[in-house]
Amino acid sequence: MRRKDREIKDYKKMLEIIDQCDCIRIGFQEPQGTYILPLNFGYESQEEQLTFYFHGAKEGKKVELTKEQNIVGFELDTKHELVQHQTACGFSYLYQSIIGKGKLEILNTKEDKIQGLTKVMSHYSDKSDWTFADQMVNSVNVWKLTVTEWSCKEH
């Protein structure tokens, strides 16, 4: 990170920023360039190992790209605020962001899928004891993104 004065290294503070985010963006490499997807997500942190979960259709471009590559980039951001100034170059924009890379996989077992779906639902609610009908679990894919590197910035 170029601006070390804006880097956040406190793990607890980094998780607090993730809690405030409502969207994760996943980036796949394609021959034509990067393919970026905004997704709802959930996460867990165990012994400073960060893992994201998200869900989607059982077929489509995301499924095909996951089969072709298992390392992806990701980004989250929050606390957006425009700082106005009397001069054009004096304007600025405040935010908190997290970027990184990780290993992506589609979960196969019912138990793993339920764990991931529970994390997604818990991120957007105050509840962590969700139940899921078998038909619903069987009708979606659930992805797991195991983070291998990440950094956090606040401006």
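Six aromatic pairs are counted in this structure, which is a predicted model. The rings of Tyr-11 and Trp-150 form one of them, edge-to-face, with centres 5.8 Å apart and planes at 80 degrees. The count of salt bridges also comes to six, whereas a search of the whole structure finds zero disulfides.

**Aromatic pairs**

- A pair of aromatic rings is described by the distance of the centres and the angle of the planes.
- Tyr-11 belongs to helix α1 (residues 11-20) and Trp-150 to strand β8 (residues 141-154), so their pairing ties together parts that are 139 residues apart in sequence.
- Tyr-11 counts as buried because its relative accessibility is 16%, under the 20% limit.
- Trp-150, with a relative accessible area of 22%, is partly exposed.
- Phe-41 and Tyr-124 make an aromatic pair that is also edge-to-face, at 6.4 Å centre to centre and with 75 degrees between the planes.
- This pair links distant parts of the chain, 83 residues apart: Phe-41 lies in the loop between β3 (33-39) and β4 (42-46), and Tyr-124 in the loop between α3 (110-123) and α4 (134-139).
- Phe-41 is buried, at 0% relative accessibility, while Tyr-124 is partly exposed at 39%.
- Phe-41 and Tyr-124 are also members of a cluster linked by ring pairs, together with Tyr-43, Phe-52 and Phe-74.

**Charges over rings**

- Lys-61 lies over the face of Tyr-35, 4.2 Å from the ring centre.
- In the case of Trp-130, the charged end of Lys-127 sits over the ring, at 4.3 Å from its centre.

**Salt bridges**

- Side chains of opposite charge can pair when their charged atoms come close.
- Asp-77 and Arg-25 meet through their side chains in a salt bridge with an N to O distance of 3.2 Å.
- Asp-77 lies in strand β6 and Arg-25 in strand β2 (residues 24-30), so this bridge ties together parts that are 52 residues apart in sequence.
- Asp-77 counts as buried because its relative accessibility is 19%, under the 20% limit; Arg-25, at 30%, counts as partly exposed.
- Arg-25 and Asp-77 are also linked with Glu-75 in a network of salt bridges.
- Asp-134 and Lys-110 form a salt bridge at 2.6 Å, N to O.
- The bridge between Asp-134 in helix α4 and Lys-110 in helix α3 links distant parts of the chain, 24 residues apart.
- Both partners count as partly exposed: Asp-134 has a relative accessibility of 43%, and Lys-110 has one of 37%.
- Lys-67 forms a salt bridge with Glu-64, in which the closest N and O atoms are 3.7 Å apart.
- Lys-67 and Glu-64 both lie in helix α2 (residues 61-68), where they are three residues apart, about one turn of the helix.
- At 62% relative accessibility Lys-67 counts as exposed, whereas Glu-64 is partly exposed at 39%.

**Cysteines**

- A disulfide is a covalent bond between the sulfur atoms of two cysteines.
- The search of the whole structure finds zero disulfides.
- Cys-23 is in no disulfide, and the nearest cysteine sulfur, which belongs to Cys-21, is 8.8 Å away.
- Cys-152 is likewise in no disulfide; the nearest cysteine sulfur is that of Cys-21, at 8.5 Å.
- Cys-23 counts as buried at 15% relative accessibility, and Cys-152 counts as buried at 1%.

**Nonpolar surface patch**

- Leu-82, Phe-91 and Tyr-93 form a nonpolar patch on the surface, and together they have about 290 Å² of accessible area.
- Phe-91 is located in the loop between β6 (71-83) and β7 (92-106).
- The relative accessible area of Phe-91 is 39%, which makes Phe-91 partly exposed.

Conventions
Residues numbered from 1 in each chain as written. Predicted model: local features only at pLDDT ≥ 70, side-chain atom pairs only at ≥ 80, totals over all residues. Heavy atoms only, no water. Patch = residues over 30% accessible without salt bridge, like charges linked within 9 Å, V, L, I, M, F, W, Y side chains within 5 Å. Areas by Shrake-Rupley, 256 points an atom, 1.4 Å probe, with all protein chains shown as cover. Salt bridge = Lys/Arg side-chain N within 4 Å of Asp/Glu carboxyl O. Helix = DSSP H or I, 4+ residues; strand = E, 2+ residues; numbered from the N terminus. Buried < 20%, exposed > 50% of the residue type's maximum accessible area, 1.4 Å probe, protein only. Disulfide = S-S within 2.5 Å. Phe/Tyr/Trp six-rings, centres within 6.5 Å; stacked < 30°, edge-to-face > 60°. Lys NZ or Arg CZ within 6 Å of the ring centre and 35° of its normal.
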